[in-house]
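Please keep the sequence and the coordinates at hand while reading.

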Amino acid sequence: MILSRKEDLARLEKAIDALKPEYKEVIILTKIEGLGYQQISDRLGKSNEAVRKLVSRAMTALINAFESIK
């Protein structure tokens with residue numbers, strides 16, 4: 001099934017909204033605001049390693065959520 005860019009963006013928004021709040025936050029900070037791990041680490045008061053793991057888990061959750069939305 002081929003979706004339009006508009007449909008893909010709508011699915012992506014729904015997928016982001018479906019994430020746990022901490023996952024949603026790091027997705028927004030990294031992918032939308034373009035912050036680096038150190039900046040996020042400073043903002044959230046977490047270690048760089050904790051932020052890296054959180055972003056990895058958030059991306060996996062986002063991919064799964066996106067794929068589950070039809």
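This is a predicted model: local features need pLDDT of at least 70, side-chain atom pairs count only at pLDDT 80 or more; totals for chains, interfaces and linings use all residues.

Leu 54, Val 55 and Ala 58 are in turn among the buried residues of helix H4.

Leu 29 lies in helix H2 and is buried, with a relative accessible area of 4%. Not counting residues up to four places away in sequence, Leu 29 touches Gly 34, Leu 35, Ile 40 and Arg 43. Leu 29 and Ala 50 are 21 residues apart along the chain, and a distance of 15 Å separates their C-alpha atoms.

Thr 30 also has its place in helix H2 and counts as buried at 13% relative accessibility, a value under the 20% cut-off. With residues up to four places away in sequence left out, Thr 30 touches Leu 35, Tyr 37, Ile 40 and Val 55.

## Helix H2

Which residues of H2 are buried? They are Tyr 23, Val 26, Ile 27, Leu 29 and Thr 30, and the buried residues of this helix pack against H1, H3 and H4.

H2 has 12 residues, and the distance from its first C-alpha to its last is 15 Å, close to the 16 Å expected at 1.5 Å a residue. The helix is followed by Gly 34, which has a positive phi near 75 degrees.

## Helix H4

Helix H4 covers residues 48-68, and because its 21 residues should span 30 Å at 1.5 Å a residue, the 30 Å between its end C-alpha atoms agrees with expectation. The buried residues in H4 are Val 51, Leu 54, Val 55, Ala 58, Leu 62 and Ala 65. Seen down the axis of H4, these buried residues fall within an arc of 100 degrees, so they line one face of the helix. An α-helix has 3.6 residues a turn, so residues three or four places apart point the same way.

What covers this set of buried residues in H4 includes helix H1 (5-17), helix H2 (21-32) and helix H3 (37-44).

## The whole chain

The secondary structure comes to 4 helices and 0 strands, so that the order of elements from the N terminus is α-α-α-α under the DSSP assignment. The C-alpha atoms fill a box of roughly 40 × 20 × 15 Å along the principal axes, and 27% of the 70 residues count as buried. Among contacts with a separation of 6 or more, 55% come from residues 24 or more positions apart.

The protein exposes about 4,900 Å², of which carbon and sulfur atoms supply 53%. There are 13 positive and 10 negative side chains, and the centres of these two sets lie 2 Å apart.

Notes
Residues are numbered from 1 along each chain as its sequence is written. Side-chain values use heavy atoms; hydrogens and water are left out. Helices (H or I, at least four residues) and strands (E, at least two) are DSSP runs, numbered from the N terminus. Buried means under 20% relative accessible area, exposed over 50%, partly exposed in between (1.4 Å probe, protein chains only). Contact means heavy atoms within 4.5 Å. Accessible areas come from the Shrake-Rupley method with a 1.4 Å probe; for residues, only the protein chains shown count as cover. Lys and Arg count as positive and Asp and Glu as negative; His and the chain ends are not counted. The place of a charge is taken as NZ of Lys, CZ of Arg, CG of Asp or CD of Glu. The expected span of a helix is 1.5 Å times one less than its number of residues. The arc is that of the directions from the helix axis to the C-beta atoms.
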